[in-house]
Amino acid sequence: MIACVGYNNETSPGNITLLAIYIETMAGTKEIDLSTLVLSITDQNHLLDFRYDPDLFVNSTVASSGEFSIFTTEEVAEGYYGTTYDNAIVYQYPSDSSNLSLRRFGLVVLSDVDGSLSDRNTPMLNRGDKAVLTVNLKSNGIALPPRTQTTIWLMQEVGVPTTVSFTTPNAYIKRVIPLYG
């Protein structure tokens, strides 16, 4: 199951510059190794592939805290957006100025009943798990203006890709914009 939410941090008419892709397995689905997942996004003008970055991992303890927000544009370290939690910096997105962070996505663990997602280097999504893939479109030279036809593919190492297609709304009147699901 997939849902997608965008973030518009720009003035009118604005562009979606950050994406949060909510994922969970469906009944009968085998576990998914997120460290090998390829996330592809097209706005009909660009096609970009993203790979998982273990440095952009946020565990469920942090994600469930009242201080945490999926969307943040606070540059807490050079090249990274994130938050501070228990005096530690938690990175969520590559920042717009980061050349080292291009074409990488982060992972925020929302629910992990059996600990399968707890290893930041090889997070395994399985039954009962819920997570968010975080993507900074702007740092990769892409943004989604209103009325943009968009397609996202989640390609596992083995199996059929999951495809999500949507058209962005004709106007952005809020910062957080539901896109799919």
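1. Start with one residue pair. In this predicted model, alanine 77 stands opposite tyrosine 80, which belongs to strand 7. Strand 6 and strand 7 (residues 80-85) are joined by two bridges. The two strands run antiparallel.

2. Now widen the view to the sheet. Strands of a sheet pair through backbone hydrogen bonds, and the pairing can be parallel or antiparallel. Here three strands form an open sheet, in the order 6-7-8. Their pairing is antiparallel. Which strands lie at the edges? They are strand 6 (75-77) and strand 8 (88-94), and each pairs on one side only. On average, neighbouring strands of this sheet are turned by 55° against each other, with direction ignored.

3. Asparagine 87 has a positive phi of about 65°, although it is not a glycine. Is this residue buried or exposed? Its relative accessible area is 81%. The cut-off for exposed is over 50%, so asparagine 87 counts as exposed.

4. Glutamine 44 is not a glycine, yet its phi is positive, at about 80°. Its relative accessibility is 46%, so it counts as partly exposed.

5. Turn to the aromatic rings. A pair of rings is described by two values: the distance of the centres and the angle of the planes. How many aromatic pairs does the structure hold? It holds three.

6. One of the pairs is formed by tyrosine 7 and phenylalanine 71. The distance is 5.1 Å centre to centre, with 25° between the planes. This pair is stacked. Tyrosine 7 lies in strand 1 (residues 2-8), while phenylalanine 71 lies in the loop between helix 1 (60-63) and strand 6, so the pair ties together parts that are 64 residues apart in sequence. Both tyrosine 7 and phenylalanine 71 are buried.

7. Another pair is made by tyrosine 52 and phenylalanine 105. Their ring centres are 6.0 Å apart and their planes are at 50°, so this pair is tilted. Where do the two residues lie? Tyrosine 52 is in strand 5 (residues 47-58) and phenylalanine 105 is in strand 9 (residues 104-111), so parts that are 53 residues apart in sequence are tied together. Tyrosine 52 is buried, and phenylalanine 105 is buried too.

8. Now take the whole chain. It has one helix and 14 strands. Take the contacts with a separation of 6 or more: 59% of them come from residues 24 or more positions apart.

9. What about overall size? The C-alpha atoms fill a box of roughly 45 × 40 × 30 Å, taken along the principal axes. What radius of gyration would a compact globule with 181 residues have? The value would be near 16 Å. The chain has 15 Å, which agrees.

10. Finish with the surface. Of the 181 residues of the chain, 49% count as buried. The chain exposes about 9,100 Å². Carbon and sulfur atoms supply 48% of that area.

Conventions. Residues are numbered from 1 along each chain as its sequence is written. This is a predicted model: local features need pLDDT of at least 70, side-chain atom pairs count only at pLDDT 80 or more; totals for chains, interfaces and linings use all residues. Side-chain values use heavy atoms; hydrogens and water are left out. Two strands pair if DSSP finds at least two bridges between them. Helices (H or I, at least four residues) and strands (E, at least two) are DSSP runs, numbered from the N terminus. Axes are lines fitted to C-alpha atoms, for helices over the stretch in contact, and angles run from 0 to 180 degrees between N-to-C directions. The radius of gyration is taken over C-alpha atoms; the globule rule is 2.2 Å times the number of residues to the power 0.38. Buried means under 20% relative accessible area, exposed over 50%, partly exposed in between (1.4 Å probe, protein chains only). Contact means heavy atoms within 4.5 Å. Accessible areas come from the Shrake-Rupley method with a 1.4 Å probe; for residues, only the protein chains shown count as cover. Rings of Phe, Tyr and Trp (its six-membered ring) pair if their centres lie within 6.5 Å; planes under 30 degrees apart count as stacked, over 60 as edge-to-face and the rest as tilted.
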